[in-house]
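Dear colleague,

Please find the structure below, together with its sequence. My notes on it follow.

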Amino acid sequence: MSILNIRPIRHEQEEGNMDIFTMQEFMTYTKGITYLIMGGILIFMPFFWLFLTDRDDD
Amino acid sequence: MDKKFSFKVEPTPFNVVTGLILIGGLILTVIRFTQGIGAVTNLDNNNPWGLWIGFDLLCGVALAAGGYVTSAACYVFGLKRYHSAVRPAILTAFLGYAFVVFALHYDVGRPWRLPYPIFYSQGTSSLLFEVGLCVFLYVSVLFIEYSPAAMEWLGMKKLRGVVLKLTLVLTIFGVVLSTLHQSSLGALFMIAPSKLHPLWYSGYLPVYFFISSMFAGMSMVIFEGTLAHKFLHHKMDETHLKEADGVVLGFGKAASLVMIGYFFIKIIGLAIDNNWHYLPTGWGLWYMVEMFGFVLCPALLYAVGSREKNIKIIRVAAVLTVLGIVLNRFNVSMVAFNYHLPAADRYFPSFMEIGISVFIVTLGITIYRIITANMPILYEHPEYKTH
């Protein structure tokens, strides 16, 4: 057992996901996911806007 | 138009129940102010804020947001087709805020000290001071915004003319104040990151509270309009009845867009804090009930309702949204607060706390009925037609 007892924080239980050791890695991971979600929202929103407004009379 | 005050109390089941609740509430009020807060509540050192903050204050302020939303839509964005909805929304907001302040007395006690934080001992580094100052100023603004209706009733033409000239300034001031205190109510909970469950705790809590207040306000205008149509139909004039469907459709569409935006920023909040792993837990399930059942579902119902011009669907969505706002504020202030405590130390309101909250809501509805029965709220005064 290590004296410092430093172990990586696993963000999920599944195998194959990246381990997070530092703040830098945490930010890279969470920001990466956030940017992907925001990309999805940017694609979704115009379609939603069209759905809302395409039957407007005025 | 006569200035006579009229309020007939007929022995209908609704009035009888209202009377019983008011009598019960008065008794509880006497107990609260003579025996102390401990005699009527289940509050303790772990849970100093309970139902009166979670429901009367947080839900009251959020659901009274219809005032700033409607007046901003009409006077700032120039959507005059919503003009008939402004007065009922302003009155609801004014009564909502007035009763928030009234309800706060039950929690804080010593009502004669209410002006202290504003005029005597300002805690300028405290969020509560900011909330208090904003609510104090906003209640004053709402009173002035509402006053033309009372002045028309009383025949004070000159003063009404002066107040009407202030409409735009008051509306802008109201929007600024609402932005500040709606978000600050969320920010209050940022002081307790270890007590609030991570699914509800976020650095973006102020943003969540402010954005959710927008669609809470719009939904409340739709919900209240539905009730007014059912029970106060005879008080409405032709303009009000003609514009009512347009208000429902327009507000439904706006609420849908804002709610979808709110849903997405909540997901972004999950991603930023990397809280995904909480979702497959019991708390996660409850969080998803709130997010899918009371945010996404009404947002889509609003979208379908406004696209299909189906008023019924929009009204169902408004009810779901109002319930969702109550659920969210309950979750943040009570359910997910102190989530780590053992069951024996968790808070559940006493029947007297619930009774006082019901009393305050009933009192608000009664005063709304008295005002709408006398003053030109749901109709335009014939001597002051604007169109």
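B:N274 is buried, with a relative accessible area of 8%. This residue lies in the loop between α10 and α11 of chain B, and its phi is positive, about 55°, although it is not a glycine. Please bear in mind that the model is predicted.

B:N338 sits in the loop that runs between α12 (311-335) and α13 (351-374) of chain B. With a relative accessible area of 2%, B:N338 is buried. As background, most residues other than glycine have a negative phi.

I turn next to the contact of the two chains. Chain B contributes 20 residues and chain A 22 residues. Together they bury about 1,900 Å², and 68% of that area is on carbon and sulfur atoms.

Two salt bridges are found across the interface of chain B and chain A. In one of them, the side chains of A:D54 and B:R307 meet at 2.6 Å, N to O.

On the side of chain B that touches chain A, α10 (238-273) and α11 (282-308) each supply at least two residues. The helix α10(B) gives the most to this side, with ten residues. By residue class, this side of chain B divides into eleven nonpolar, four polar and five charged residues.

With kind regards

Key. Residues are numbered from 1 along each chain as its sequence is written. Chains are lettered from A and ligands numbered from 1 in the order in which they are written. This is a predicted model: local features need pLDDT of at least 70, side-chain atom pairs count only at pLDDT 80 or more; totals for chains, interfaces and linings use all residues. Side-chain values use heavy atoms; hydrogens and water are left out. Contact means heavy atoms within 4.5 Å. Buried area is the accessible area (1.4 Å probe) that two parts lose on being put together, summed over both. A salt bridge is a side-chain nitrogen of Lys or Arg within 4 Å of a carboxyl oxygen of Asp or Glu. Helices (H or I, at least four residues) and strands (E, at least two) are DSSP runs, numbered from the N terminus. Ala, Val, Leu, Ile, Met, Phe, Trp, Tyr, Cys and Pro count as nonpolar, Asp, Glu, Lys and Arg as charged, and the others, Gly among them, as polar. Buried means under 20% relative accessible area, exposed over 50%, partly exposed in between (1.4 Å probe, protein chains only).
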